[in-house]
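Here is a brief report on one model.

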Amino acid sequence: PDGLRVALGDPIATVRHSITYRRYIVEIRAGRLLREPPRRNYRWVDPRHIARLPTSSLVSKVLARARGGREV
């Protein structure tokens with residue numbers, strides 16, 4: 001409903017994450033945009049500048065694994 005269309009590929013990694021008593025296993029998949037997303041909802045961030053953005057520890061783990069690093 002928001003206009004984002006993505007084709008997901010095979011899983012490339014997983015990340016384990018805990019928040020208080022909840023345990024999550026997050027599956028990371030490569031994705032490909034099928035069309036330009038609406039500008040009002042999304043913006044492109046150069047991968048070199050992602051570290052400058054405020055993100056959660058889960059997002060940091062996912063980005064590290066997606067880059068081929070070890071799980072943190």
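Is proline 38 buried or exposed? Proline 38 is buried, at a relative accessible area of 17%. Buried means under 20% relative accessible area, exposed means over 50%, and partly exposed is in between (1.4 Å probe, protein chains only).

## Basis

This is a predicted model, in which local features need pLDDT of at least 70, side-chain atom pairs count only at pLDDT 80 or more, and totals for chains, interfaces and linings use all residues. Residues are numbered from 1 along each chain as its sequence is written, and side-chain values use heavy atoms, with hydrogens and water left out.

## Proline 38

Proline 38 sits in the loop between strand E2 (22-33) and helix H1 (57-66). Helices (H or I, at least four residues) and strands (E, at least two) are DSSP runs, numbered from the N terminus.

Leaving aside residues up to four places away in sequence, proline 38 touches Asp2, Gly3 and Leu4. Contact means heavy atoms within 4.5 Å. Aspartate 2 is 36 residues from proline 38 in sequence. In space, their C-alpha atoms are 7.8 Å apart.

## Salt bridges

The structure has two salt bridges. The term means a side-chain nitrogen of Lys or Arg within 4 Å of a carboxyl oxygen of Asp or Glu.

Glutamate 27 pairs with arginine 29; their closest N and O atoms are 2.9 Å apart. Glutamate 27 is partly exposed at 44%. Arginine 29 is also partly exposed, at 37%.

Aspartate 46 pairs with arginine 48, at 2.6 Å from N to O. Aspartate 46 is partly exposed at 24%, whereas arginine 48 is exposed at 67%.
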